[in-house]
Amino acid sequence: MADSQLAALEFFLQDHPEITYVPPFSPYYPAARKVWNVGRPDRPLAFLYPQSAEDVSAIVRYAKSAGIKFTIRAGGHNLEGRSIVENALTVDLRALRSVHVAADHQSATVGGGILASELGNELWKEGVATPLGAIPSVGYVGWATYGGYGSFSSNWGLGADQILGATLVNADGDIVKADEGLLKGLRGGGGVFGVIVDITIKVYPLKSLLAGAIMFNSQDVTNTFIDFNAEYEKLQDEGIPLELTVQQICFNAPPGRVYGVIFVWSGDDLEEGKRWNERISSLGPVVMNTVAVTTVPEYYAGNAGLVPNSAYGSTRTLNIRRTTPEVARAIGSSLAKMPSDPVTMLSVHQLRGPSAAPKENSVFGTREPHFMLEIIGCATAQEVREFSEEWAAHVVNAVQQTDSANILSTVYASLYPLGKGCQSSTLNKIFGSHTQEILALKDRYDPENVFSLTVPELK
Ligand SMILES: Cc1cc2nc3c(=O)[nH]c(=O)nc-3n(C[C@H](O)[C@H](O)[C@H](O)COP(=O)(O)OP(=O)(O)OC[C@H]3O[C@@H](n4cnc5c(N)ncnc54)[C@H](O)[C@@H]3O)c2cc1C
């Protein structure tokens, strides 16, 4: 079956010589197969690298007519490695990474395969910025369209809330501009309706950036975490400016486990930002503080080593309203037991400000102020992954023993283990009150489920 599919595919490609083709017998196949989660055993039918929206359109039409299932890959950072699937064609969008900033500097149109750092660095040259994740190698569209918690979230909001327009290759293989219904689905629903070949997003003036890491003495990580969060909660009640985004992180550096925060101040008033650096630093026993006036390219260069570029294992996630003393004790005690692998880590993202308010133009499921726990149960070697996965499950379990009224019923799609196929309980957890709406949008825009191998699978 695979041989005849490849023969037919090669026949199709004779008319499309610009599309790069990597079949299983190619020496480039092993590298093409590499996604962030290298534990994924799946061997795709082949890899195709379209160079334009027209190429994507031709591929979708061909795959549909030949009955070949396909996946979309951009940055390859889906936590379960879902951009490669056994025997399915992988359409790799990495060639689509253009950036065009509008003349009024209020928006930018960017290619569907661009990475976070490529976008951030290009925008910086133009004196503008947009919400982005902290890790440079994550695909921008895959990050933004499922939600997109990141370094500027408190100030400008989620990635999904920046989306103004998009060009898609739809289920008929046509290149179309997204209408309002489709845009609503893309803001939280990701790539379930088609291949996003470009996306138009809001950008904001950013002349200076004050950013870096504040690391605390983590000998007694449990109490450092508890004490930091007790004080941070008090600060929240007093009021923290939206220009400040604080992402807590606990990971294993060469000298050992460290807990601290990534500090990003994107306001114009740098002196105020520096005062906030002092306030956040005062919430724990600082051992290192790299917060300084910097640039987006430098910020990304500094973050490049934060997370290893491949892993085995899986991720867990939960959303909580507040880091109550009870929750802080549960997480803090778990941190003391965190395996020492460089990919095992915990990150706490916060959503507050405008994106935390209910929105009618999006299907993103969690619209209230909250902390999103990113619990990475991954390891650098297959043999030890189970320890990290057990630890991640333990963190979730410990938090679930705390006041249930503080735990939200919805979760973040990009970090939630989706399992096999489509389960209505999973869709309800991701999309909450928008579940029926996204299913209706899927029926409207992709009734034949041409885009079936998506994150998540809707049918
Ligand atoms: C190390 C690491 C750090 C992370 N940090 C954060 C973080 O700080 N905040 C956060 O919110 N998330 C974070 N994530 C999650 C990440 O945002 C999602 O996994 C995201 O979907 C990855 O996109 P990608 O293009 O890199 O992945 P891929 O595996 O290439 O794509 C994932 C899926 O997204 C869809 N997709 C991607 N691009 C397109 C497109 N152009 N058209 C149609 N469908 C598309 C496809 O269904 C595809 O299978 C992180 C993940 C990792 C591994």
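How far is an oxygen atom of the ligand from an N or O atom in the side chain of tyrosine 146? The separation in this predicted model is 3.5 Å. Tyrosine 149 contributes a backbone N or O atom, which lies 2.7 Å from a nitrogen atom of the ligand. At tyrosine 412, a polar side-chain atom lies 2.7 Å from an oxygen atom of the ligand. Polar contacts here are pairs of N or O atoms within 3.5 Å. Around the ligand there are 31 residues, of which Ala74, Gly76, Gly139, Tyr149 and Tyr412 come nearest; a residue is counted when one of its heavy atoms lies within 4 Å.

The model is predicted, with local features needing pLDDT of at least 70 and side-chain atom pairs pLDDT 80 or more, while totals for chains, interfaces and linings use all residues. Residues are numbered from 1 along each chain as its sequence is written, and side-chain values use heavy atoms, without hydrogens or water.

Two helix pairs may be considered next. Helix 11 (residues 325-336) packs against helix 12 (residues 385-400) at an angle of about 160 degrees, their axes being 8 Å apart. Helix 11 is therefore roughly antiparallel to helix 12, a term for angles over 145 degrees. The crossing of these two helices is right-handed. Helix 11 supplies Ala330, Ile331, Ser334 and Leu335 to the contact, and helix 12 supplies Trp391, His394, Val395, Ala398 and Val399, contact meaning heavy atoms within 4.5 Å. By class, this contact has 7 nonpolar, 2 polar and no charged residues.

The axes of helix 7 (residues 180-189) and helix 14 (residues 435-445) come within 10 Å and cross at roughly 125 degrees. Helix 7 is thus oblique to helix 14, oblique being the class left when angles under 35 degrees (roughly parallel), over 145 (roughly antiparallel) and 65 to 115 (roughly perpendicular) are set aside. The crossing of helix 7 and helix 14 is left-handed. From helix 7, Gly181, Leu182, Lys184, Gly185 and Gly189 meet Glu437, Ile438, Leu441, Arg444 and Tyr445 of helix 14. The contact of helix 7 with helix 14 has 4 nonpolar, 3 polar and 3 charged residues, with Gly counted among the polar ones.

The backbone deserves a final look. Most residues other than glycine have a negative phi, and most peptide bonds are trans. Asparagine 87, in the loop between strand 3 (70-73) and strand 4 (89-92), has a positive phi of about 65 degrees. In the segment after helix 14 stands proline 456, and the peptide bond from valine 455 to proline 456 is cis, with omega near -15 degrees.

Conventions:
Axes are lines fitted to C-alpha atoms, for helices over the stretch in contact, and angles run from 0 to 180 degrees between N-to-C directions. Helices (H or I, at least four residues) and strands (E, at least two) are DSSP runs, numbered from the N terminus. A crossing is left-handed if the near helix is turned anticlockwise from the far one by less than a right angle, and right-handed if clockwise. A polar contact is a pair of N or O atoms within 3.5 Å; within protein, one must be able to donate a hydrogen and the other to accept it, and residues adjacent in sequence count only if both atoms are side-chain atoms.
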